[in-house]
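Walk through this fold one element at a time.

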Amino acid sequence: MRCHRVLTYLRIFGTTMFGVSLLVGISTAYIMGYQFFTTARNHLSFGLYGAILVVHLIIQSLFALLEHRNMRRSLETPIKLNKSLALCIAAYQEDPNYLRKCLVSVKRLTYPGIKVIMVIDGNSEDDMYMMEIFKEVMGRDKAATYVWRSNFHQRGPGETDESYAESVQHISRLVLNNKCVCIMQKWGGKREVMYTPFKALGRSVDYVQVCDSDTMLDPASSVEMVKVLEEDPMVGGVGGDVQILNKYESWISFLSSVRYWMAFNIERACQSYFGCVQCISGPLGMYRNSLLHEFLEDWYNQTFMGSHCSFGDDRHLTNRVLSLGYATKYTARSKCLTETPITYLRWLNQQTRWSKSYFREWLYNSMWFHKHHLWMTYEAVITGFFPFFLIATAIQLFYQGRLWNILLFLLIVQAVALIKSSFASCLRGNIVMVFMSFYSVLYMSSLLPAKMFAIATINKSGWGTSGRKTIVVNFIGLIPISVWFTILFIGIIYTIILQTRKPFPDSEKIVLIIGAVVYASYWVILLTLYTVLINKCGKRKKETHYDMVLDV
C-alpha cells in the first residue's frame, strides 16, 4: 500500500515537472525567437517555436494513422453481443424533422435487445409534440410515456412529499420494465435530462449509450462501440465518428463538417491511440454503467467557482472516467450524423459554450494526468496554451510597423492550414478536405476571440445554442469579435502610418506584390472550387432524399 502511494506521488511529480518543463521550453522558444535560418531583410525565417509546432502536427498525424490501422484490425476480433445496453436520448425544443429522423435511425440499430429512453427537457404543452413523435415512430403500443411535473432535483408546482416520492418510483418502474420509454419532465437543463435515465436505470444494464435528439445513428454504431468496450475491460468509455447531417445548408455548416472530420479522425484518433480521448461527444458515446454509478452524483453536482455547472456535460463525463484511471477510446467504425448551426451567430454561441467547458475541464483534467500516458499531459499543454501564443503573435506582427509582417502572417496561417487539409484529404481519400483551410480564417477571426471571451465569462451557464425551434437573439458573442477586429484594425493603421513616414525599398515592394498576388490567387482558386464543387453539388445532394447513408 505504501509503495503504491509512493509510486503515485512520483507519477504526480513526474507529470507535473514534464508539463511545466514543456510549457517553459515552448515559452522560452517563443520569447527568445531563436531562428534556424532567415533571409535578407527578414522576409522569411524559420524558428524553434515553428519547428515545435510542425513536429507536433507530424507526430499527431502519425499516431492517428496507427490508431486507424488498429481499428481496421479490430474487425477480426469476434465478440458476443450478450451484454445489456440502454440508449439515452436528450431532447430540448427539437426540430420535428430532426427528431423523427433520429428515432427512425434508433429503430434500425442492430444491437439486440437495446432499451431506448428519451427524456424531454420541459413538460409544457409546447413540448408535447416531441412525445407524440416518439409514440408515432416507436409504436404507440410499445412506447411507455409519462409527463412528470418534477425532475429528480426540482419539484413541480403542487407536488407534495408523498406524490413526489411516488412519481420517482413510477419513473424507475417505467424505465426498468419497458424497452421504449419517453419522459417529459420539469425544465432543468441538459445535465438534468441526462441524469434522469442514468438514475432510473440504476445498475440494471451493462452499458449506457448517449445520443442527442438531432442525431441520426448508423445501424451498426452501437455494435461497434460495444466491441471496443468488450475488447479491453480497462476502457471505460468510447466515442464514435460524428459527421454533419446538414452540411450543405450554409457555409458555416459545411466548414463545420470538414472541421469535425479533422477533429475526430486525426485529433481524437491520436488521443485514442494513448487511451486518453478527452471528450466523448454527446451525439455518439458509450460508457460502462458500473463506472457511471461510481461518480453519477459527483458529476451532476459539479461546481465551478461556487456555481453549479450546467454545460460541458459530455466532457466532464469523460473526465470522470479518466479520473478513475480508465482509458477512453474513439472508433471511426461507429458513425452518426448530427445537426450543426447554419447561422454564424448560433455557431459562435455554440463555440463559446464549448470553449468554456474546455478551459474549465482542462483544470479538472490536469489532476489526473499522472494516471495516464504522458501524451495526455503533452497535448493538454500544447492545445491549452496555443491560442495565447497565437494572439500574442498576431498583435506583435500587426504592431511592428511593417506591412510585410502582416501579409506574411496571413500567408503562413493559410499555408499551414492548406498543408493540414491536404494531409487530411489523403487520409480520407476525399478532395473536399482541402476546404478545411478555409476554417483557419474562421478560427483566427472568430474562434480565437471567442475563446478569450469564454475564459472571461466562464462562470456563466446555459444551454448555449438553444433549441432548434428557437431563434437565437443573443448578440453578446459579437462583443469579443468587435474588440478583436478593432485591435487588428488599429494595428494596420499604425503600420501604414509608420511605413509612409520612411522610404519604401524596391525589394520590399516586390516582395509585397508577390505575396499579395499569391494570397489573392489562393482565395480566387479556393472560392471558385467551393462555388463549383460544393455549392452546386451540395444543392443537388440536398434535393436528393438520403435515408441513412453516411458520407465517408
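The buried residues of helix H4 are covered by a set of elements that includes strand S3 (85–91), helix H3 (96–107), strand S4 (115–121), strand S5 (143–147) and strand S6 (180–185). Helices (H or I, at least four residues) and strands (E, at least two) are DSSP runs, numbered from the N terminus. Buried means under 20% relative accessible area, exposed over 50%, and partly exposed in between (1.4 Å probe, protein chains only). Contact means heavy atoms within 4.5 Å.

This is a predicted model: local features need pLDDT of at least 70, side-chain atom pairs count only at pLDDT 80 or more, and totals for chains, interfaces and linings use all residues. Residues are numbered from 1 along each chain as its sequence is written, and side-chain values use heavy atoms, with hydrogens and water left out.

Stay with H4, residues 128–138. Eight of its 11 residues are buried, so the helix is largely enclosed by the rest of the structure. The buried ones are Tyr129, Met130, Met131, Ile133, Phe134, Lys135, Val137 and Met138. Gly139 follows H4, with a positive phi near 105°.

Now look at the nonpolar cores. A nonpolar core is a set of buried Ala, Val, Leu, Ile, Met, Phe, Trp, Tyr and Cys residues joined through side-chain atoms within 4.5 Å. The largest has 117 residues. Which of its members touch the most others? They are Ile89, Leu103, Val106, Met118 and Phe134. Take Leu103. Leaving aside neighbours within four places in sequence, Leu103 is in contact with Ile89, Met118, Ile133, Phe134, Val137 and Met138. Another core, of 34 residues, lies apart from the largest one. Its members include Ala144, Phe198, Leu292 and Leu296. In soluble globular proteins, nonpolar side chains tend to be buried together.

Next comes a helix pair. The axes of H8 (residues 251–273) and H11 (residues 344–365) come within 9 Å and cross at roughly 35°. Axes here are lines fitted to C-alpha atoms, for helices over the stretch in contact, and angles run from 0 to 180 degrees between N-to-C directions. The crossing of H8 and H11 is left-handed; that is, the near helix is turned anticlockwise from the far one by less than a right angle. H8 contributes Trp251, Ile252, Ser256 and Tyr260 to the contact, and H11 contributes Tyr344, Trp347, Gln350 and Trp354. By class, that makes six nonpolar, two polar and no charged residues. Ala, Val, Leu, Ile, Met, Phe, Trp, Tyr, Cys and Pro count as nonpolar, Asp, Glu, Lys and Arg as charged, and the others, Gly among them, as polar.

Turn to Thr331, in strand S13 (residues 327–338). Is Thr331 buried or exposed? Thr331 is buried, because its relative accessible area is 5%. Its side chain reaches the backbone nitrogen of Arg333 at 3.2 Å. Not counting residues up to four places away in sequence, Thr331 touches Met71, Glu224, Met225, Val228, Val238, Gly239, Gly240 and Asp241.

Asn289 sits in helix H9 (residues 289–300). Its relative accessible area is 0%, so Asn289 is buried. Beyond neighbours within four places in sequence, Asn289 is in contact with Gly202, Arg203, Ser204, Val205, Asp206, Tyr207 and Val208.

Leu22, in helix H1 (residues 2–32), counts as buried at 18% relative accessibility. Leu22 and Ile382 are 360 residues apart along the chain, yet their C-alpha atoms are separated by 8.6 Å. Leu22 touches Tyr378 and Val381, not counting residues up to four places away in sequence.

Ser307 lies in strand S12 (residues 307–308) and is partly exposed, at 26% relative accessibility. A polar contact of 3.2 Å joins the side chains of Ser307 and Asn459. Such a contact is a pair of N or O atoms within 3.5 Å; within protein, one must be able to donate a hydrogen and the other to accept it, and residues adjacent in sequence count only if both atoms are side-chain atoms.

Finish in the loops. Most residues other than glycine have a negative phi. Gln93, in the loop between S3 and H3, has a positive phi of about 45°. Met305, in the loop between strand S11 (303–304) and S12, has a positive phi near 55°. Gln93 is partly exposed at 24% relative accessibility, whereas Met305 is exposed at 58%.
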